[in-house]
Amino acid sequence: GSSNDSDFEDSLARTLGMEEQQHRIVILGGGESGVGAALLAQKQGAKVFLSDRGQIGENQRVELELDGIDFESRKHTWEKIFAADEVIKSPGIPDTVPLIQQLRDQDVPVIGEIEYAARFTDATLIGITGSNGKTTTAYLVHHLLEAAGKDVALVGNVGFGFARHVAQE
């Protein structure tokens with residue numbers, strides 16, 4: 001294997017249309033979970049596009065620009081969204097909205113930020129759900145594990161998003 005062999009193989013793969021396509025991830029929602037998912041997806045080598053029908057906050061906009069992540073605010077460009085290999089949606093977007101229904105009808109996987117981030121960590125996860133007391137319970141569990149000398153992080157609705165934490169740690 002000289003470099004000429006490698007160059008020839010790369011050229012042949014391109015000619016035959018076999019070059020590996022970059023995984024295209026579209027993120028719907030430009031809040032903490034969306035921006036965190038964008039940072040993680042980019043770190044994993046994906047081609048990332050973030051779309052928010054509402055106004056993206058100034059801090060999020062600056063962070064996306066600094067990291068060179070393609071995004072749009074106050075609109076959804078359906079052509080770009082439907083070009084996705086996978087969509088990560090904000091928890092605030094109901095599964096019942098037409099955009100999500102149409103993505104699923106076209107067999108585009110639509111997942112949440114937590115499901116996506118969980119792929120890239122081997123940490124033990126504790127998920128706390130319910131109507132009342134989640135934040136208090138999360139702080140209590142975090143405190144108890146920390147007091148027991150465990151290496152723990154409190155992420156999600158409290159502090160930083162899970163995907164952002166996985167991208168940075």
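The model is predicted, so to speak of local features a pLDDT of at least 70 is needed, side-chain atom pairs count only at pLDDT 80 or more, and totals for chains, interfaces and linings use all residues. Residues are numbered from 1 along each chain as its sequence is written, and side-chain values use heavy atoms, with hydrogens and water left out.

**Overall fold**
- The protein has eight helices and five strands, where helices (H or I, at least four residues) and strands (E, at least two) are DSSP runs numbered from the N terminus.
- Along the sequence, these elements follow the pattern α-β-α-β-α-β-α-β-α-β-α-α-α.
- Of the 169 residues, 32% count as buried, meaning under 20% relative accessible area, with exposed over 50% and partly exposed in between (1.4 Å probe, protein chains only).
- The accessible surface comes to about 10,800 Å², and 49% of this belongs to carbon and sulfur atoms; the areas come from the Shrake-Rupley method with a 1.4 Å probe.

**The largest pocket**
- About 1,300 Å³ of space lies in the largest pocket.
- A pocket here is an open set of points on a 1 Å grid over the protein atoms alone, where a 1.4 Å probe fits, with protein on both sides within 12 Å along at least five of seven lines; lining residues have an atom within 4 Å of a point.
- The volume is the space filled by probe spheres set on the points, which are joined across faces, edges and corners.
- The lining holds 41 residues, and the closest to the pocket centre are Leu125, Ile126, Ala153, Val155 and Phe162.
- By class, 19 lining residues are nonpolar, 13 polar and nine charged; Ala, Val, Leu, Ile, Met, Phe, Trp, Tyr, Cys and Pro count as nonpolar, Asp, Glu, Lys and Arg as charged, and the others, Gly among them, as polar.
- Strand S5 (110–112), helix H6 (113–118), helix H7 (134–147) and helix H8 (162–168) each supply at least two lining residues.

**Helix H7**
- H7 gives the most to the pocket lining, with six residues.
- Glycine 149, with a positive phi near 85°, follows H7.

**Positive phi outside glycine**
- Arginine 74 is not a glycine, yet has a positive phi of about 70°.
- Arginine 74 sits in the loop between strand S3 (70–73) and helix H4 (78–82), and counts as exposed at 61% relative accessibility.
- Aspartate 107 also has a positive phi, near 60°.
- Aspartate 107 lies in the loop between helix H5 (98–105) and S5, and counts as exposed at 68% relative accessibility.
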